[in-house]
Amino acid sequence: MFLEQLLNGLTLGSTYALIALGYTMVYGIIQLINFAHGEIYMIGAFVGLFMVSVLGTNIIVAMAGAMVFCMLVGMMIERVAYRPLRGKSSRLSALISAIGVSIFLQTLLALIAGINTRSYPNVINNRTFDLGFAEVSLLQILILGLSALLMIGLQIMIHKTRIGKAMRASSQDLDASYLMGINVNRVISFTFAIGSALAAAGGIMVGIYYNAVWPYMGMMAGLKAFAAAVLGGIGSIPGAMIGGLTLGVLEIMGVAYLTSSYKDAIAFGILILVLLIRPQGLLGQKVAKKV
Amino acid sequence: MKGRGRAIWAAVLSLVLIITMVAGCGGSSSQKDEDVIKLGFLGALTGDVANYGIPAKKGMEMAIQEINEQGGVLGKKLVGIYEDNKGDSAEIGNITQKYITRDKVAALVGDPCTGLTKVAAEIAQSNQVVLFSPGATGAGVVEIGDFIFRNTMLDEVAVPVVVDWMIKENGWTKFAIITSLNNGYSTALTPIFEREIKAQGGTIVIQESINDKETDFSAQITKIKGVDVDVLVFTGYYTEAALIMKEVQKQGLDLPMVGGDGLYGQDLVKLGGDAVEQKVILYCGFAADQPSEQTVKFVENYRKLYNEEPDMFSAQYYDAVMILAEAMKNTNSTDPKVYKDYIANLKDYPGVSGNTTIRENREPIKSPVYLVTVKDGVFPSLVTKIPVNVE
């Protein structure tokens with residue numbers, strides 16, 4: 001029972017982690033909380049649903065398609081809504097712009113797809129495996145495996161490739177990186193693209209696993225993922241992963257061993273406690289303010 | 001050059017604005033005729049509870065069309081006004097205000113949901129307009145005032161019958177109850193089930209809660225899996241019901257779900273798929289195979305008009321319009337203050353959704369209780385019907 005609940009928590013948490021990565025990467029480089037990120041996740045779920053049920057592609061193609069589509073959407077949002085403001089106005093204007101984009105995308109999808117909840121067709125024949133000490137479903141294994149794969153891939157990309165190095169440099173000091181000849185605009189675009197692709201993958205997995213896709217699904221998921229990113233230490237990539245998983249497990253354990261009435265209250269209560277003790281988050285670094 | 005381009009744009013935009021404003025005004029002034037009787041529809045055409053509102057609107061339109069074909073009411077034509085309240089309590093407040101103050105409706109028909117009906121009923125009562133809800137099953141609706149009526153299978157009436165059926169017919173004695181905390185219908189229905197299960201000797205082994213719009217129910221179902229229960233009682237709406245049953249299936253559990261007519265909607269099948277097939281059983285006050293003469297005719301005409309099967313909401317909205325029209329005809333008045341007394345004294349009205357009597361306390365009593373399920377992907381499919389003892 002405990003192990004099964006732990007698995008439930010890790011599955012939920014890994015979807016939070018995939019979204020949280022987008023928040024944390026963008027924040028790490030341009031200190032912007034991209035509130036439209038939850039909507040990218042929602043669009044990913046819809047594009048996947050569209051490809052599977054209307055175009056009839058298989059789920060792997062649909063996932064690739066949704067990830068590519070969301071990459072473009074993410075880059076376009078950055079180009080249209082954030083870049084024109086960068087350097088010219090305060091960071092607060094970009095934040096308001098992000099909220100605007102978020103509302104725009106929600107309403108746009110509500111207009112196109114309607115606000116009713118939709119579900120994925122049975123794309124994967126789910127089965128449960130009895131391991132003796134716990135029962136695991138095939139879907140859980142797939143979601144955990146795929147999330148792990150994506151996150152490992154991300155780590156390799158950031159630490160072993162040129163663009164990854166440029167991202168790390170930009171997150172340390174954007175101006176200095178620019179002076180060193182790094183095309184920071186391209187790095188920022190790329191960051192949005194990668195974050196969006198991960199969110200799209202998360203959206204499809206949630207769509208298949210929880211069977212519910214609707215235009216406002218990004219709002220709560222986005223908030224929780226943002227909380228997960230803060231919990232892990234915003235700006236830190238391993239922090240976002242650990243923060244996401246922790247939040248998912250906390251939520252599930254709260255329901256399992258305390259009460260289901262206070263699901264969110266328990267999770268967010270612990271979040272506040274952690275931040276009171278470690279304001280920089282679990283893996284965040286204390287940065288001395290430059291005066 | 002750039003500045004001039006902007007000026008032209010601004011001019012074009014303001015022109016468009018002015019035209020739409022003028023058009024809007026023209027539209028509303030032409031409807032100011034005194035020779036029609038307006039009925040305001042309350043229901044959601046989009047959103048989470050649109051599965052109740054869309055068929056409801058069709059039932060209402062059909063009733064109005066039939067009445068008008070037979071000469072209308074008191075020489076006037078009936079006109080339905082249909083705004084989409086999206087299942088939102090702020091929205092229904094605005095729409096009710098608009099119906100009463102701008103459209104000057106003779107009656108409000110709706111809402112299918114108890115919580116929303118209460119919001120509209122407060123406004124209707126203080127403005128002395130009759131509100132007739134063909135769907136609100138929970139407590140505290142007609143108590144709002146003497147202009148408020150409803151015609152549906154009440155939870156208070158149906159639950160004892162359903163619990164009896166679960167315990168006696170099926171031998172289910174160990175219950176799990178799931179409540180949706182941010183759903184007023186659910187939080188009101190759960191105590192009725194609790195009371196009846198205890199009174200009839202069943203055991204509530206576990207109580208869990210969820211929230212509407214949540215999608216992860218894995219922890220709750222894993223908990224239920226850990227205890228021994230015969231049946232899952234869920235008191236919320238169809239969307240969450242379908243998602244819960246998906247989770248039940250995913251965890252390899254074999255458990256039936258029983259609930260109220262909040263589970264009544266085609267999305268139950270669309271979202272639930274084979275996870276709800278003959279697993280979800282709910283009670284309601286209408287099934288299309290009811291053998292009365294009016295019902296047969298209604299079902300035939302409805303099929304002809306819309307090319308689909310009528311459901312509980314279309315039948316009950318149809319009846320509501322018919323009852324209102326009859327009240328107006330018999331009292332020779334479209335004034336709610338006058339015709340409301342006719343509805344208050346309604347006895348054995350032979351509607352298409354069963355016979356209705358309005359009792360002393362202005363609550364309706366309908367019989368029988370229908371239990372329906374999903375069978376071969378078809379909803380609603382009749383499981384059984386149980387007569388209600390009116391006393």
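**Exercise 1. Find which residues make the nonpolar surface patch of about 750 Å² and which helices supply them.**

Solution. The patch of about 750 Å² is made by A:Met1, A:Phe2, A:Leu3, A:Leu131, A:Phe133, A:Tyr257 and A:Leu258. Patches are made of residues with over 30% relative accessible area and no salt bridge, where like charges are joined within 9 Å and nonpolar side chains (Val, Leu, Ile, Met, Phe, Trp, Tyr) within 5 Å. A salt bridge is a side-chain nitrogen of Lys or Arg within 4 Å of a carboxyl oxygen of Asp or Glu, and accessible areas come from the Shrake-Rupley method with a 1.4 Å probe, with only the protein chains shown counting as cover for residues.

This is a predicted model, in which local features need pLDDT of at least 70 and side-chain atom pairs count only at pLDDT 80 or more, whereas totals for chains, interfaces and linings use all residues. Residues are numbered from 1 along each chain as its sequence is written, chains are lettered from A and ligands numbered from 1 in the order in which they are written, and side-chain values use heavy atoms, with hydrogens and water left out.

Next, helix H1 (2-30) and helix H10 (237-258) of chain A each supply at least two residues of the patch; helices (H or I, at least four residues) and strands (E, at least two) are DSSP runs, numbered from the N terminus. A:Tyr257 is found in helix H10 of chain A, and because its relative accessibility is 46%, A:Tyr257 counts as partly exposed (buried means under 20% relative accessible area, exposed over 50%, partly exposed in between, with a 1.4 Å probe and protein chains only).

**Exercise 2. Locate the largest nonpolar core, and name the members that touch the most others.**

Solution. A nonpolar core is a set of buried Ala, Val, Leu, Ile, Met, Phe, Trp, Tyr and Cys residues joined through side-chain atoms within 4.5 Å. Of the 215 residues in the largest one, A:Leu154, B:Met166, B:Ile244 and B:Leu268 touch the most other members. Helix H8 (residues 184-210) of chain A gives the most to this core, with 16 residues. Domain 1 (36-153 + 293-358) and domain 2 (156-284 + 372-386) of chain B both give residues to this core, so it lies between them; the domain bounds come from an automatic or database domain assignment.
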